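Please look at the sequence and the structure shown below, and keep both at hand while you read.

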Amino acid sequence: MKRTILFFVPALILGAHLLMTVLYLIPVNPASKYYLPTVQAYIEPVFSQNWGLFAPEPATSSLQFWFRCETTDGQQSDWQDPIYQLIKDHHEFPFSFRGKLTYVYQSIARDLLNAHVEKKNAQECSSEKCLAAIRAELTSTPEFALARRWSLDLCRAQNSKPIRSLQFQVLKIFPKPYSERHSPQATGRIEAVPFDPIYL
Amino acid sequence: MKSNSSIRLTDHIRSLSFLFINIRDKVLDTQTHPSTIKFFRGVISVWVVCNTLMLLPAAEHFWSSHSYIPATDLKDATLWKTSLNLLSLEVVAPHYHWFLVAQLLVAICAGLSFAPRVSSALLYFLTMNLDNRAMVIQDGGNNLMHIVLFLLIFMTPHSSARNPSLRSFSNSLSNMAFFMVRAQVALVYATAGLLKVQGELWPKGVALYYTMNVLEYGNKFVGGLMADFPLLLAAGCLVTVLFQVTFPILIWPRATRPLLMAAGTFFHLSIVFVMGLTSFGFALCASYFIFYTDRQAEKTLSWLRPRARVVAAFDADCGICQSFARWVKRFDWFNLITPSSAQDPANQVLKSVPLEHRLKVLQATCGKSHVEGYDAIVAVISRLPLLIPIVPVLQTIGYLGLGDVLYARIAQNRSRTCSVPQTPSKGKRMLTRFSRPVASTLCTVLISSLISSPATALPHALQPRPMLPSETRELLNQIEAEGSTQAMTRFLTPSVTQAIRDYSRLEDSAIRKNPADPYAATPAVYGAAAAGGAAAKVVEHVWDRYVGNGRIAARVINDRNFDLSKTTSEVGISPVDVGAFAAPVWLQQSAGNIETRVASNTFKNAALLRSYPEIRSLVEYNRPVTSEFVNQYRKQARDYVNNNPQAQWVMAVGGAAAAAVGYKAAEYALNQMGARTSELIRRAQFNDRAFDLR
């Protein structure tokens, strides 16, 4: 009897664990919805997991962060993309920190873009005036503050002279549509969210 | 009777009890996979060490207090959460270096199975603290490793508890945790695969085109291949989905496991090198080692122990053997290999092996252990420092049973007349066992790829078999005998049915005469094409009767597809549409490329369709039919096509027979796979735009 108990206790733990994991992973259905609080309470502290792995849809756009700076003597740089070269280097040699470093920088751009989209959707915004108001609102968010800090660090690293202003924009670049894959254009649709210049 | 049933029931209960007791005793008294656990822990530790070392040069950007990664808000956090987010505390944050050093040291201890449970617990604690601080750089690989590291805490190769109850509980816990890791890996693929099936771009077969053309994950060369070779693109997508969906099932039987592991390793290594997802790819590869059998793990572990000298007996009369021996000696930097002659009768080490056998198969002896053939090659190569990195690959080949096959092939082609034993090798047996399911899987994949993929916006049909008038006659008789004449007339319209009848009255010799004529066109072709339509219907009819593709409403080729009044957009792709596309192609060739311009312009993709072998075959099929009457009917045909736009619909039916077979097979395959066939088909159109992002 003692041995049976010693067997059944871990077996029950195993069964319960598998059940919880399955309920956590399967698409929402009446059962998973009903047990959601219990399942989340069990899974998320230790077994939190997400196996999207390019599903249900794969990556269909590239996220870029462009910035430019103006020094106090009036010299303005061109738009620059700090992530692009990092990605290129990573693809040439994938066994370095560069791949993960792009995650850090892209998360800054992504968080800013998500905050923009969230506000835009919440306010059902489509006119340029409304969008400008949203951009103004965003300047007080932590996402914007982080993007500003990063851009400023990049500007300072590139310029020996003091920075007067800087500007950045987040771009979402889609590949060419499949039907236009042989067209001479370099990319497909581009969605840009430009922010107003920041004067220091 | 009653007493017999009772006895049988008692027997069943008794055998079940025995089974339960056996399982219980096995789980409580032994570690089911001690070597696998040991090896797996080592592999996971190596992954942790490599991952950390890779990030180390930019540690400041990931873990320091002034990195761009925001710290976790621990205001209302539980004790557990706080303990795993220590680096988000201002007091601890500047000391992240110590966490890194400690993690590396502990990972080495865990890898060497030194105090396995304690070192695993520490490794989990340190890894979670580091990863939670740099949350934004985590991917699926890290996620899996977190769960695995936690479960490793409960796994131990050997329980050291003295108390029997405690030892039993420890064994039981370890065995359950071991199974949990296996189940977790299977669940990763089940979830990813099923989510992909639910998506739009994966079933359409274009997901890889977009991913490969995204800067972050793309590769210019592979992206170009995907754009230029639609079949490769579609196959890549569908094979990926198929692999992920079948993995959770096929990984359990030992027969299919090596195949799955090899395919998965290839899949994830390609993710590493093509997409640049290094830690993710290697994490998934590492996780496969949990499926190693204990014997395999033990064998692999033995290779990692300090190398002992090996004596290899090379055939002195064999050119390739001697070249190999010289080459081995050149790279044997630590002098671990002693080459000897297989012919030497005084060879004391190999005295137990008959001379004849020594000449046939390479022998290697290391202490008391003795290996031969492919295993001997691996034993030799594993002692050459320069080639140690390829040893796992060689071992995998051996594990798959392909090593013996390769060895046999090379040995048979040696310069001397020696050969390896002819008894079927393990590899051959395995290949034979797999050939049928593999072939059927490949067929399923290929057939599936025919649907809604850019390669086959027009479905591949089986090669159309020329149908002679006499055969058409027989067919009509059969249809009549089955009482389906009315249905056929309804589907094909009376005029088409009449054309079929007209055609069936021709002599076969009229069809077979005369060479191909590029300007051939005749009303008889009208009948031939219509006969094809009838054949399509027969295919549909027979297939549904004897194979069955599920509910009529869910079928790709339902009856509505044969209604000529319906358009493509209403009913999806139908064989009639396929034929309709074929029609202008044929008409262009048959009527001199001039008169049918209007007809061909109706279909934008006519030029594209011309490149399909099926369409060419259809044209070739029709050509001899027309050639006899070419001079007589050329003008009539031109007028006919110009004056009667319905001709294209008649020709449309001609494509139906071939397309029907392809479609029914594809529909059946997809139904078998559980895919939402009708939805997939609804989405498919004859235009590349269907594969664009919305």
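In this predicted model, the axes of helix α8 (residues 164-198) of chain B and helix α12 (residues 230-250) of chain B come within 7 Å and cross at roughly 140°. Angles over 145 degrees would count as roughly antiparallel, and α8(B) and α12(B) are therefore oblique to each other. The crossing in which α8(B) passes α12(B) is left-handed. On the side of α8(B), the contact is made by B:V185, B:A186, B:Y189, B:A190, B:A192, B:G193, B:L194, B:K196 and B:V197, while α12(B) brings B:T240, B:V241, B:F243, B:Q244, B:V245, B:F247 and B:P248. Sorted by class, the residues of this contact between α8(B) and α12(B) are 12 nonpolar, 3 polar and 1 charged.

A second pair of helices can be followed in chain A, where helix α4 (residues 82-92) and helix α5 (residues 98-122) pack at an angle of about 155°, with their axes 9 Å apart. Since angles over 145 degrees count as roughly antiparallel, α4(A) and α5(A) are therefore roughly antiparallel to each other. Their crossing is left-handed. Here A:I83, A:L86, A:I87, A:D89 and A:H90 in α4(A) meet A:R98, A:G99, A:L101, A:T102, A:Y105 and A:Q106 in α5(A), and the residues of this contact divide into 5 nonpolar, 4 polar and 2 charged.

How many residues does the contact take from chain B, and how many from chain A? Chain B gives 84 residues and chain A gives 67 residues. The area buried between chain B and chain A is about 6500 Å², and carbon and sulfur atoms give 68% of this area. Within chain B, the residues that lose the most area to chain A are B:Y68, B:L215 and B:E216, which together make up 13% of what that side buries. Across the interface of chain B and chain A there is 1 salt bridge. A:K100 forms a salt bridge with B:D139, and the closest N and O atoms of this pair are 3.4 Å apart.

Two details of the backbone of chain A remain to be described. Most residues other than glycine have a negative phi, and most peptide bonds are trans. The peptide bond from A:A55 to A:P56, however, is cis, with omega near -5°, and A:P56 is found in the loop between α3 (36-47) and β1 (62-71) of chain A. A:E124, although it is not a glycine, has a positive phi of about 50°, and A:E124 lies in the loop between α5 and α6 (128-138) of chain A.

Key:
Residues numbered from 1 in each chain as written. Chains lettered and ligands numbered in written order. Predicted model: local features only at pLDDT ≥ 70, side-chain atom pairs only at ≥ 80, totals over all residues. Heavy atoms only, no water. Axes fitted to C-alpha atoms, helices over the stretch in contact; angles between N-to-C directions. Helix = DSSP H or I, 4+ residues; strand = E, 2+ residues; numbered from the N terminus. Parallel < 35°, antiparallel > 145°, perpendicular 65-115°, else oblique. Left-handed = near helix turned anticlockwise from the far one by under 90°. Contact = heavy atoms within 4.5 Å. Nonpolar A, V, L, I, M, F, W, Y, C, P; charged D, E, K, R; others polar. Buried area = accessible area lost by both parts, 1.4 Å probe. Salt bridge = Lys/Arg side-chain N within 4 Å of Asp/Glu carboxyl O.
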